[in-house]
Amino acid sequence: MNDQITIRGARLHNLKNLSLTIPKNRLVVFTGLSGSGKSTLGLDILYKEGVRQFLEALGFVAYGMARPPLDSLSGLTPAISIDQYLTNRSPRSTVGTATEVYTYLRALFARLGARACPNCGRPAPPTYNQAEEWDPESSSAGGPAQPEAAFPCPQCGAPLIELSMAHFSFNKPEGACPACTGLGFVQQANLARLVDEEKSIAGGAVLEWNAPLTSYHATILQAAAAHYGFALDLAQPLKTFNQAQRDLLFYGVESEQFRRHFPGRPLPPTVRQGRFEGVATALLRRYAEHIQDAEYSEKMQDLLTVSLCPACGGERLRPESRAVTLAGQTIPALARLALSELGGWLAQLPAALDAPGQTIAAPALAELAERIRRLVEVGAGYLTMERAAPSLSAGEAQRLRLASLLGSELSGVLYIFDEPTVGLHPRDTQRLVGVLQRLRDLGNSVLVIEHDLEIIAAADHVVDFGPGAGKHGGKVVAQGAPAEVAANPASLTGAYLCGRAAIPVPRQRRPASGAALTIRGARCHNLKNLEVRLPLGVLLAVTGVSGSGKSTLIFDILDRALRQRLYQAGPDSAPGEHDTIDGLEQIDKIITIDQEHIGRMARSNAATYSDAFTPIRAAFAASPDAQRLGLTARDFSFNLPGGRCERCQGAGVLSVNMQLLPAVEVRCPVCQGRRFTRRVLQAHYRGADIAQVLDMTIEEALELFQEAPAVRGRLQVLSDVGLGYLQLGQPADTLSGGEAQRVKLAKELGRRASRRTLYLLDEPTTGLHLADVQRLLSVLQRLVAAGSSVIVVEHNMELVKTADWVIDLGPEGGAAGGQVVAVGTPEQIAAAPGSYTGAALSKIL
């Protein structure tokens, strides 16, 4: 039996004709500098080739999945990837639906739920319908409502609807709140962004209407006003309109808002006769029609506001479903409990049921107990069922998938994990190691792409890539047991593993006794009425276990409060619940750098987002070739008509619809993936054309543009934050959360900051090797030395130990968190009793 995976001559991306043997049925860790080739081998070759070979073995044609450039690959088994990308960004998906915990809970409520008769008000007994078959929760809105069965109330004889699982699903018509269709929030047009109240309709008050559209709609509006018998002066500023005129313009003749002014009046029969749709109504219709188009939705975000549904208060269900109780609890109340608390409540439920109820509940309770146990085991016990899936961090989404894997008893599978410690406090790392080892012990090969030293030390086999990043990487520097890699003098990872190399502790920490921001009465989400002092002019680390309240305190309260003060952010960006924040006048500018993608469009990349591409285009336009060909900087943009290839509109690829299969991207046959016309590609800057520059790494481009100061400055900052290995033209939607965050940081570092600037960073060490963390720290320390203040939400103890001041929240996640556990220097935190962060710091200080 083949007990190893053998790769020969792998040449994808920066891999240097790499050959490697990986033992099967072992916990194997790929490590090395960021950009050294780990993910290329693990995800782009082993995973994709494993999937391709498996599909071909089943007789499917693996469209769009070409064999990677390598000589041979043998011993491969079916592969499953658990990466950092959310697979479901639907607002209808929650933690409860994604884990099916909510599905089993719906079954309990449908069969055992108690409610009051709407006619007599007395309790109606559960239906005990054991015959109903229930389906797994769907993320879609479901089909039409099914006919509802009924039975007589035992007290008054009035008909009562027989409850089914659908009545407790916010994704089905029977259970969804009619006002928000089960979303829990409503989207409304941002009227301030749609019109200018100071202008008249004729003068361009509706900002999205050009002159011909204004003329067209003005005719319809006047016809509508004539139909309903009131005057409408198109030269009158909008701020002087009465309510009927405003409701006509914004919501149209068919809206409830307008029809209340003219009850019983028939609608105009045609558009030309006054059937005006309304500016806001038309916007919401277009948004609904393009809801699946990420690019269109992103462009529309500024024109929309989101608010809690006034009908259900965010609970998503219709009133009848929200009123049903089980052992005194409603299903929305249970959805707000942390999963670990929910497990405790379910364990006590049988005692509150009668004998028939216990019999009916037993199968669902057994399944729920097992699912919740697995979720707690992977460190997700602090999450609530109602938490929306798009709001999960990459690490949280990854741990939900890991919990589902524990429920399958598969063996002979290759599991590939992409940094499973993302967002995980060191307290929970050993628990994660146990989960990975359990998957291995089931007879699987577990491959982990990771930088965490604790995970590396627990591996059976380690492969260290390097020696550098980008073109300097792509080789195996060391491999073997962790002790063998640690003893290898060529391995940078080994040096950190055995202590030959380490991130130094600052000789002197900046005092935290000067100016500060003080948040009082913070009680948003799970925060327990906190008063927290945040010193300024220092590197401040806010830490604690996952779900302890760090992001709520810094991003939901402080960030939003400063944005309202400095930039007059709208009401939809209101800060989380708190009393006051003292000292806000000491901040002139706030820069928040989180792990949100820098764009969901393939047209955005590191070069365009960081503003490095603008001076690159200018440098090309100033070249002798461009001058001779009559080219301008505009011609060197792949986003603008002129120099780009119009067949693919500068994308380099075409999307081919595969009917029932996902769309496949193929290289543009006109430009061969080079994005530009032949004329533009004839212009060279120091021997390279614009397409070749986009294919270069930042480090390579830095060498090319040494004599162009404007370009060099932008690229140098990208290199300083550890992104020298990144390809300039790599699409933004393929960057990891950590890479996207560092691109944002580089963009801000390229601007001039005042001494009263506050930087807020969300786990900036994500995806970084310790050597890269050291480079990032030098950048952060440089910001503080220049007079700025830096607050970092972080779990990486190597960064925390270099901070001037630390605020540790906890003691646990969810409802058991939200308190200040310890405050002080890293040394003071390390000595604090009851601090999980302190326990981790004490090992490395």
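Over how many bridges do strand β18 and β21 pair, and in which sense? In this predicted model, strand β18, which spans residues 516-522, pairs with β21 over 3 bridges in the antiparallel sense.

**View 1. The crossing of helices α3 and α13.** Two packed helices are described by the angle between their axes and the distance between the axes. Here the axes of α3 (residues 101-112) and α13 (residues 355-377) come within 10 Å and cross at roughly 165°, which means that α3 is roughly antiparallel to α13. The crossing in which α3 passes α13 is left-handed. On the α3 side, the residues in contact are V101, Y104, L105, L108, R111 and L112, while α13 contributes residues including I360, A364, L368 and I372. Sorted by class, the contact of α3 with α13 has 12 nonpolar, 1 polar and 3 charged residues.

**View 2. S604 and the residues that it touches.** S604 is found in the loop between β22 (589-593) and α20 (606-609). Its relative accessible area is 12%, so S604 is buried. If residues up to four places away in sequence are not counted, S604 touches I598, Y609, Q730, P731 and A732.

View 3. Most residues other than glycine have a negative phi, and most peptide bonds are trans. A cis peptide bond, with omega about 0°, joins G466 and P467, and P467 is found in the loop between β16 (461-466) and β17 (475-480). The peptide bond from G810 to P811 is also cis, with omega near 0°, and P811 lies in the loop between β27 (805-810) and β28 (819-824). N17, in the loop between β1 (4-10) and β2 (18-23), has a positive phi of about 50° although it is not a glycine. With a relative accessible area of 47%, N17 is partly exposed. H525, in the loop between β18 and β19, has a positive phi near 50°, and at 63% relative accessibility H525 counts as exposed.

Terms used:
Residues numbered from 1 in each chain as written. Predicted model: local features only at pLDDT ≥ 70, side-chain atom pairs only at ≥ 80, totals over all residues. Heavy atoms only, no water. Pairing = 2+ DSSP bridges. Helix = DSSP H or I, 4+ residues; strand = E, 2+ residues; numbered from the N terminus. Axes fitted to C-alpha atoms, helices over the stretch in contact; angles between N-to-C directions. Parallel < 35°, antiparallel > 145°, perpendicular 65-115°, else oblique. Left-handed = near helix turned anticlockwise from the far one by under 90°. Contact = heavy atoms within 4.5 Å. Nonpolar A, V, L, I, M, F, W, Y, C, P; charged D, E, K, R; others polar. Buried < 20%, exposed > 50% of the residue type's maximum accessible area, 1.4 Å probe, protein only.
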